[in-house]
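Please look over the sequence and the structure before reading on.

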Amino acid sequence: MNKAEREQLKHNEAADALVAANSYLSQHGRTIALTAVAVLLLVASVFGYRAFKARTEERAQAQLAEAVEILNAPLTPAPAPGAAPTPPAAGTYANEAARAEAALKQLLTTADAFGGTDGGMRARYYAAALYAETNRPKEAADAYAAVRDQAGASTLLGRMASLGLASMQVRQKQFDPAIKSLQDLSQRRDGPLPLDAVLVQLADAYQQAGRSAEASQALQRVIDEFPQSPYAADARQRVEALQASVAKAS
């Protein structure tokens, strides 16, 4: 549906509501006048809220698109040997770190300004991923947790944020909460996340926590339940290595 069609639909809905209210008022007289006025005010407020929400979402998506453009912006070519470096041209960045920081700033601005919108929540999720990519696990964990709480732990974005949070917790050696979260995700067979990938991440957390037997069990689930998974071959090799190390230790 294009913009003109949406506007026409809104116009028709509002007109229908007004006609119905006027008809009802003429039939019942002055005793319901105040009720009819209240109905009209309610109709106006509902359509006003919808319009405001749509405009807010459009602004959030526009700012998110600006951040994505920054992430895709070119880097300034390295100067020729012996040549003096030149300042980056407009729309380019001197290096990947500068580009990442500019994108991160835009993402956080969008997330803070439009936190309740889809665009705002996605902006914070991408900011968390950038924090992780630039080796700032504490900031990444905080951002992932905020997305999970705001989007809802049962939504796709919320579960993706939970997965990211667990990864950052493992990186900070916070194994217990990471493993608990991954265990919960691994039990949701009807969820939107690929279960084989969740099991592999759970196995990684177990292994880094020194719980080799449980890591082997998680990987065995990948082999048994997802034999066609792209992770299956690697899982077999890891199980063999883990079993060998456990046998050697005993």
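## Overall fold

What pattern does the chain follow when read along the sequence? The pattern is α-α-α-α-α-α-α-α-α-α. This is a predicted model, and its chain has 10 helices and 0 strands.

Among the 250 residues of the chain, 34% count as buried. The chain exposes about 15,000 Å², and 56% of that area is supplied by carbon and sulfur atoms. Counting contacts with a separation of 6 or more, 50% are between residues 24 or more positions apart.

## Helix α8

Helix α8 covers residues 195-208. At 1.5 Å a residue, its 14 residues should span 20 Å, and the end C-alpha atoms are 20 Å apart, so the two values agree.

The helix is mostly covered, with 11 of its 14 residues buried. Leu195, Asp196, Val198, Gln201 and Tyr206 are among the buried residues of α8. After α8 comes Gly210, which has a positive phi near 80°.

## Thr110 in helix α3

Thr110 belongs to helix α3, which runs over residues 96-113. Is Thr110 buried or exposed? Buried means under 20% relative accessible area; Thr110 has 0%, and is therefore buried.

A polar atom of the Thr110 side chain lies 2.9 Å from the backbone oxygen of Gln106. Leaving aside residues up to four places away in sequence, Thr110 touches Ala60, Gln63 and Leu64, as well as Gly119, Gly120 and Ala123.

Technical notes:
Residues are numbered from 1 along each chain as its sequence is written. This is a predicted model: local features need pLDDT of at least 70, side-chain atom pairs count only at pLDDT 80 or more; totals for chains, interfaces and linings use all residues. Side-chain values use heavy atoms; hydrogens and water are left out. Helices (H or I, at least four residues) and strands (E, at least two) are DSSP runs, numbered from the N terminus. Buried means under 20% relative accessible area, exposed over 50%, partly exposed in between (1.4 Å probe, protein chains only). A polar contact is a pair of N or O atoms within 3.5 Å; within protein, one must be able to donate a hydrogen and the other to accept it, and residues adjacent in sequence count only if both atoms are side-chain atoms. Contact means heavy atoms within 4.5 Å. Accessible areas come from the Shrake-Rupley method with a 1.4 Å probe; for residues, only the protein chains shown count as cover. The expected span of a helix is 1.5 Å times one less than its number of residues.
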